[in-house]
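Reader: I have just opened this structure and would like to learn how to read it. Could you walk me through it?

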Amino acid sequence: MLNRTGIPQPWDINEWLNCLERARGRDIDLCALTWEPGDATGAWQPRGDHDVIAYPANTSGYHQNHIILHEVGHMLFQHPSRCVLSRKEARRIAPNLSANAFTHLFGRAHGTVEEYEAEQFAHILHARVTTRSVPRSRNYRSPQDDTTASLAARLADTFDEP
């Protein structure tokens, strides 16, 4: 799919979603909702002629992008969009958790492979686009003490490209 859509430089999720819509021949509507603790952070719902992705309005842009990409992963892998409990059942089982969140999460819990695939898709694509759009610092100076130098070396080994 990335061969068909490309990756906008600099990264812009809205521009990429426009390319994805053209490649799939199907519109994607984003729906920003207020997130509250206990709610699911994102959701994808296929409709007859378009897809809807809900994401929290009240989180960082980076986190919003990740959630949207996670839901796009479900969409591209053609995972079934399903919730298996009624609101009444969810309220009975978990009275302190939002019924919508519980229903959504319980439905997804049965598809752990699907959740893993969607999460990996989001992580890999997000890592690729943020690596390309964030230039490396040019004003690096070596740490002065051994403890900080050791930490900097471990972080560099973890995050630097080979």
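Author: Gladly! Let us start with a term: a contact means heavy atoms within 4.5 Å. Here, leaving out residues up to four places away in sequence, L20 touches M1, T5, I28, V72, M75 and L76. Please keep in mind that this is a predicted model, where local features need pLDDT of at least 70 and side-chain atom pairs count only at pLDDT 80 or more, while totals for chains, interfaces and linings use all residues. Residues are numbered from 1 along each chain as its sequence is written, and side-chain values use heavy atoms, without hydrogens and water.

Reader: Which strands form the sheet, and in what order?

Author: Strands of a sheet pair through backbone hydrogen bonds, either parallel or antiparallel. Strands (E, at least two residues) and helices (H or I, at least four) are DSSP runs numbered from the N terminus, and two strands pair if DSSP finds at least two bridges between them. In this model, three strands make an open sheet in the order β1-β3-β2, with mixed pairing. β1 (27–33) and β2 (43–46) each have a single partner strand, so one side of each is left without a neighbour in the sheet. From one strand to the next, the twist averages 20 degrees.

Reader: How many bridges join β2 to β3?

Author: Four bridges join β2 to β3 (residues 50–56), and the two run antiparallel. They form a hairpin with three residues between them. Along this pairing, W44 has I53 as its bridge partner in β3, and Q45 stands opposite V52.

Reader: Where do the helices α2 and α3 lie?

Author: For directions, axes are lines fitted to C-alpha atoms, for helices over the stretch in contact, and angles run from 0 to 180 degrees between N-to-C directions. α2 lies across β1 and β3, at about 145 degrees to β1. Helix α3 (residues 61–76) packs on the sheet, touching β1, β2 and β3, and makes about 150 degrees with the direction of β3.

Reader: Is I13 buried or exposed?

Author: Buried means under 20% relative accessible area, exposed over 50%, and partly exposed in between (1.4 Å probe, protein chains only). I13, in helix α2 (residues 13–24), is buried because its relative accessible area is 7%. Beyond its neighbours within four places in sequence, I13 contacts N65, I68 and L69.

Reader: Which residues have the most contacts inside the largest nonpolar core?

Author: A nonpolar core is a set of buried Ala, Val, Leu, Ile, Met, Phe, Trp, Tyr and Cys residues joined through side-chain atoms within 4.5 Å. The largest one has 19 residues, and those with the most contacts inside it are W16, L17, L20, I53, I68, V72 and M75. α3 gives the most to this core, with five residues.
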